[in-house]
Amino acid sequence: MSPRMRSLDASIITEASPSVNFSSILVCRLLSHSSLPYLCCCNLALPRRMWSSLNEWFWQDRFWLPPNNTWAVLEDRDGLVFAHPRDLLAALPLALALVVMRFTFERFVGLPLSRLLGVRDQARKPVKPNATLEKYFLTKGWKPKEPQMALLAAQCGLTLQQTQRWFRRRRNQDRPCLTKKFCEASWRFSFYACAFFGGLSILYHESWLWMPEMCWDNYPLQPLKPALYYWYLLELSFYISLLMTLPFDVRRKDFKEQVAHHFVTIILISFSYSSNLLRIGSLVLLLHDASDYLLEAGKMFNYTPWRKVCDTLFIVFSLVFFYTRLVLFPTRILYTTYYDSIAQWDTFFGYYFCNTLLMALQLLHVFWSCLILRMIYSFVKKGRMEKDVRSDVEESDSSDGEVAQEHLLLKNGAAHRPGAAPADGPRSRLVGRVANGHTATT
């Protein structure tokens, strides 16, 4: 017993009233020696039991496998290897390795390649330091409304046009340069191209590539082939790495849709592997990679002077995208998962869960198809690819409205010079009337 407890017992003995007996001292000692460790063990055992119960409930057979099937049938035996959910843990370190590979690739391959193909970053005029405008820009927004813009101009002693120009230049500073966009596109092009042609070589001799209904032949007793496992694991790792690098990537207008797409893809890959649905999962991956590498190639050449190559790639990409995402995906993939999959067994939770995620993917396909149609309309109207409608375009130093106003002032004889009055104030209107031969009335 510790000295502190001895002193506590002594104080109880010396100060105890006749109604206090030595049993109270014994209870005190028992609590001090045994109850605290017991309570600590209880505090640790309770979360363990909860986790064990949750884990047991989560991996119930009825969630992942068709009726009358258990995890026992997917145990490795007689030289046959099946997919196991624990295999997916290898995707996490592989995703980190892909992030390192990406930054290395962009530095030593993408950057020199951009210079070789003539990618040139636009020269950006520096922004004059202004604490008031900088604080508003960082805390309240990039594009203040015109009344707020006028108030900021009055606070800083600037004209409205000067304030607007400051915000345009400041926004341009935070926009990624063409070189960064090219490097990102080159990395994704390299991966998608390798993934597509590698996956095609793996699946070319498989019956389910040409007849999707064969995906359900003898399901779930379908052995795992090593090449399919490594390709599947690489695809999962890549999409995890895309989520990890999202804060550092070029932010586009469809950012939320991209995040949703990555999450749905990761969940689909993980679920299909755990449920041994690798055949149908491999078709979904291959179908997506078929157009993704063409998209990234078109984006690469969109940042270069090679306009005809960019236009050609855009046409090819559009045709492949519409055919694979709006024709093959619903008629071959969705059809077989909805109808052929339940020809041999009843529906279960995994059937509804998988088809729900596939439908979410199809909705994203429709969304991106609308964006591509907008680009096609612009392409037909102007005869060339202008830009990616998802991209945030760099602004010129003067807006269209400002240029028109300056042109009108010059036409009226009001020349711009240092120290001139604000173009939107009463003094500028007075100068305009005098220049036109009118006298100011008082």
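Modeller: For the packing, axes are lines fitted to C-alpha atoms, for helices over the stretch in contact, and angles run from 0 to 180 degrees between N-to-C directions. Helices are DSSP runs (H or I, at least four residues), numbered from the N terminus. This is a predicted model, where local features need pLDDT of at least 70, side-chain atom pairs count only at pLDDT 80 or more, and totals for chains, interfaces and linings use all residues. Residues are numbered from 1 along each chain as its sequence is written, and side-chain values use heavy atoms, with hydrogens and water left out.

Colleague: OK, at what angle do helix 5 and helix 7 pack?

Modeller: About 50°, with the axes of helix 5 (residues 131–139) and helix 7 lying 11 Å apart. That makes helix 5 oblique to helix 7 (under 35 degrees is roughly parallel, over 145 roughly antiparallel, 65 to 115 roughly perpendicular, and the rest oblique).

Colleague: Which residues make that contact?

Modeller: Taking contact as heavy atoms within 4.5 Å, helix 5 brings Leu133, Glu134, Tyr136, Phe137 and Leu138, and helix 7 brings Thr163, Trp166, Phe167, Arg170, Arg171 and Asp174.

Colleague: And how do helix 6 and helix 7 pack?

Modeller: Helix 6 (residues 146–156) packs on helix 7 at about 105°, with the axes 9 Å apart, so the two are roughly perpendicular to each other. On the helix 6 side you have Glu146, Met149, Ala150, Leu152 and Ala153, meeting Leu160, Thr163, Gln164 and Phe167 of helix 7.

Colleague: What about helix 7 itself, which residues are buried there?

Modeller: Buried (under 20% relative accessible area with a 1.4 Å probe, protein chains only; exposed is over 50%, partly exposed in between) are Leu160, Gln161, Thr163, Arg165, Trp166, Phe167, Arg168, Arg170, Arg171 and Asn172. Helix 7 covers residues 160–174 and reaches 22 Å from its first C-alpha to its last, close to the 21 Å expected, which is 1.5 Å times one less than its number of residues.

Colleague: Switching to cysteines: how many disulfides are there?

Modeller: Zero, searching the whole structure for pairs of cysteine sulfur atoms within 2.5 Å. For Cys183, the nearest cysteine sulfur belongs to Cys177, 8.1 Å away.

Colleague: Is Cys183 buried or exposed?

Modeller: Buried, at a relative accessible area of 6%. Cys370 is partly exposed, at 45%.
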